[in-house]
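Open the model in a viewer and keep the sequence panel at hand. The stops below say what to select and what is there.

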Amino acid sequence: MNKQLFLGDEAIAQAAIDAGLSGVYSYPGTPSTEITEYIQHSKIAKERGIHSQWCCNEKTALETALGMSYAGKRTLSCMKHVGLNVAADAFMNIAMSGIHGGMIIVSADDPSMHSSQNEQDNRVYGQFAMIPIFEPSNQQEAYDMIYEGYEWSEKWGYPILFRITTRMAHSRAGVQTRELKAQNPCSVEENARSKYVLLPANARKQFKILLEKQKEFLQASETSKYNQLLGLPDETTDCAPRSRLGIVACGIAFNYLQENFPEGFENPVLKISQYPLPKKQLFRLVESCEEILVLEDGFPVVEEQLKGYLGLGLKVHGRLDGTLPRDGELTPDKVRKALGKEVEVYYSIPDVVEMRPPALCAGCGHRDVYEALNEVIKEYKDAKVFSDIGCYTLGALPPFQAIDSCIDMGASITMAKGASDAGIFPSIAVIGDSTFTHSGMTGLLDCVNADANVLIIISDNETTGMTGGQDSAATGRIRSICQGIGVHPDHVREIVPLKKNYEEMKSIIREEIEYPGVSVIVPCRECIQTHARKIKETKK
C-alpha cells in the first residue's frame with residue numbers, strides 16, 4: 001500500500017489491476033482513453049497477462065468483456081459517453097442476463113462537450129438498464145469504488161455502470177492504493193444457458209429476477225458509505241429545527257461544494273455517489289428542509305426524480321429552474337453562485353487574446369486530401385461532402401471548410417448513400433481508417449448492395465490519431481476489406497497524399513466521382529505525430 005498522484009483515469013485503472021482484473025476491453029474515446037493506456041503500459045498488467053488490446057468499437061469491446069465475465073474473470077470495459085450508444089444493445093441485454101465474473105463498465109461523460117458532439121448523462125442509461133451506478137466525488141473514491149466494486153458486482157450478479165466526467169478523468173490527486181488481489185480462476189456457472197440464452201422464455205424469467213434485485217440495489221445504496229447525510233442529527237435523536245436549504249450533491253459536485261465551504265458545511269447535505277437514489281436519506285433531508293438545491297454535473301437526473309418522488313410542493317432548485325445553467329459542466333464558481341455567494345474574479349482575459357481553434361497539424365496527410373478534394377468539387381455545383389469523427393473533422397474549419405456534416409461514428413458513408421438516393425451528385429464521404437472499421441464497414445456494404453453512386457474517401461493515417469495515436473484495426477487491411485465487402489477492385493484506388501502527387505490525386509478523385517457506382521479512394525500516409533514519436537523512441 002502506498003500513495004500515488006493519479007489522474008482519475010489512472011486511479012480507476014490501478015484499482016482494477018489491484019482488484020484482480022483479467023481483461024480491459026475498450027475503444028479510444030476522450031476522456032476515457034487513459035484508463036486502457038495505463039493498463040497497457042503497466043508492468044504488473046503485463047506480468048499477469050491482462051488482456052488490453054484495443055477493440056474495433058465499443059459494442060465489440062463490451063461483448064468481449066462479457067465473454068470473459070462468462071468465464072468467471074473480472075473485466076473492465078471503458079468508453080466515452082457516446083460510446084455507450086454504440087454498445088447500448090449489448091449493455092441493455094447484459095443487464096438482463098447478468099454476469100459471472102465481476103464487470104465494471106466505465107462511462108466517461110463530457111459535460112460542456114470539450115471533445116464530443118453532445119453532453120449526454122449516462123446515469124440515464126444506468127437507470128434505464130436498472131443496474132447499480134457508482135459516481136465518485138474524487139480520485140480516492142474512484143479507486144476505492146473500483147477496488148470494492150468487483151466484489152459487489154459478483155455478489156449482485158450484475159454489471160456496475162461507473163460514471164465519471166471529464167474533470168474527474170483528467171485531474172490529479174493523491175490516492176492510497178491497496179493490496180494486489182489474485183485473479184479469478186476460469187469457471188462457468190452451472191445455469192449459464194438459462195442466463196445467457198435470452199430467448200423470450202428465459203428473458204422473461206431474467207427480467208423478473210432483475211426486478212426483484214432492485215430491492216437489494218436500493219438497500220445497498222441506502223447503507224453505502226459513499227452516500228452520506230451530513231449536518232442532520234442521528235435518526236435516534238430528536239429532529240433539529242427545519243433548515244431553510246438542504247443540498248443534494250452528486251459525484252464530483254460534492255467536491256465542488258466542499259471547495260465553497262472550507263470550514264465546514266452551513267447546510268444539511270446529502271452526498272450521493274451510489275445509485276439508485278438512497279430514498280431513506282433523501283426523505284430525511286426533505287423532511288428537515290424547506291427547500292432543496294440539487295448539484296449534479298450533467299443532466300438534471302436527480303432533480304427530476306426528486307420532483308417526481310415528492311409531489312409535495314417543496315421547492316427544488318437546480319438546472320431545471322435556472323438556479324444552475326441547463327447546459328455545460330458544473331464548476332465551483334457555478335455552485336458558489338447557486339448558493340447565493342459572491343463569485344470573485346481574479347483574472348480577466350484581455351481583449352487582445354482571441355480563441356485559437358484547433359487545426360490539422362502542419363504536414364498532416366488530411367490537409368493534402370482536402371486541398372485536392374476542394375479543388376475538384378469546385379467543378380460540381382451541387383457537390384456535398386459528408387464527414388465523420390476524427391482528426392479530419394477539422395476540415396470543417398478554415399482554411400478548408402470542406403465538409404458538410406459530422407454526426408456520429410460511421411454516419412459519413414450512410415449519409416452519403418442517403419443523399420445520393422435523394423439525387424445529390426456528387427455525394428462524397430470522408431472517413432478515417434479507425435472510424436471505418438469502428439462503424440463504417442456496414443455502411444459500405446449497404447452502398448455495395450444498392451450499387452449507390454457514391455465516392456468514399458478513407459483517409460488512412462495508420463492510427464487512431466484524435467485520441468493520441470492508438471493502434472488502428474484497419475492498418476494494412478483497407479483495400480482487402482473493401483474488396484471483400486464487394487467494391488470492384490478497379491475502384492479501390494490507393495495514393496500517398498503528398499504535394500508531389502497533387503495532380504494525380506485530383507485526377508483520381510475526378511475519375512471516381514464520374515464512375516456511376518461505389519468507389520473508394522484510400523489516401524494513405526502515417527500520422528505525422530505518430531511518426532515523430534516513433535523517431536523519438538528509436539533515438540532513446
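How much space lies in the second largest cavity? The second largest cavity holds about 50 Å³. The model is predicted, so local features are given at pLDDT of at least 70, side-chain atom pairs at pLDDT 80 or more, and totals for chains, interfaces and linings over all residues. Residues are numbered from 1 along each chain as its sequence is written, and side-chain values use heavy atoms, with hydrogens and water left out.

**Stop 1: the second largest cavity**

Select Phe-425, Pro-426, Ser-427, Ile-428, Asn-453, Val-454, Leu-455, Glu-512 and Ile-513, which line this cavity. A cavity is a set of points on a 1 Å grid over the protein atoms alone where a 1.4 Å probe fits but cannot get out, and lining residues have an atom within 4 Å of a point. Grid points are joined across faces, edges and corners, and a volume is the space filled by probe spheres set on the points. Strands E15 and E16 and helix H20 (502-514) are the elements that give two or more residues to the lining. Helices (H or I, at least four residues) and strands (E, at least two) are DSSP runs, numbered from the N terminus. By class, the lining has six nonpolar residues, two polar and one charged. Here Ala, Val, Leu, Ile, Met, Phe, Trp, Tyr, Cys and Pro count as nonpolar, Asp, Glu, Lys and Arg as charged, and the others, Gly among them, as polar.

Stay on Phe-425 and Pro-426: the peptide bond between them is cis, with omega about -10°. Pro-426 lies in the loop between H17 and E15. Most peptide bonds are trans.

**Stop 2: the parallel sheet**

Next, show the open sheet of five strands in the order E14-E15-E16-E18-E17, where the pairing is parallel. Two strands pair if DSSP finds at least two bridges between them. Strands E14 (384-386) and E17 (492-495) are at the edges with a single partner strand each, so one side of each has no neighbour in the sheet. On average, neighbouring strands are turned by 20° against each other, direction ignored. E14 and E15 (residues 427-432) run parallel and are joined by three bridges; Phe-386 stands opposite Ala-429 in E15.

Contact means heavy atoms within 4.5 Å. Axes are lines fitted to C-alpha atoms, for helices over the stretch in contact, and angles run from 0 to 180 degrees between N-to-C directions.

**Stop 3**

Select Glu-462, in the loop between E16 and H19. Glu-462 has a positive phi of about 65° although it is not a glycine, and is partly exposed at 33% relative accessible area. Buried means under 20% relative accessible area, exposed over 50%, and partly exposed in between (1.4 Å probe, protein chains only).

Is Ser-472 buried or exposed? Ser-472 is buried, with a relative accessible area of 8%. Leaving out residues up to four places away in sequence, Ser-472 touches Asp-433, Ser-434, Glu-462, Thr-463 and Thr-464.

**Stop 4: the second largest pocket**

A pocket is an open set of grid points with protein on both sides within 12 Å along at least five of seven lines. Helices H2 (33-41) and H18 (433-450) each supply at least two lining residues, and H2 gives the most, with three. The lining has seven nonpolar, eleven polar and three charged residues.

From H2, step back to Pro-31, in the loop between strand E2 (21-26) and H2. The peptide bond from Thr-30 to Pro-31 is cis, with omega near 15°.

**Stop 5: the largest cavity**

Finally, select Gly-365, His-366, Asp-460, Asn-461 and Arg-525, which among the 13 lining residues are the closest to the centre of the largest cavity. The largest cavity has a volume of about 60 Å³. Its lining has six nonpolar, four polar and three charged residues.
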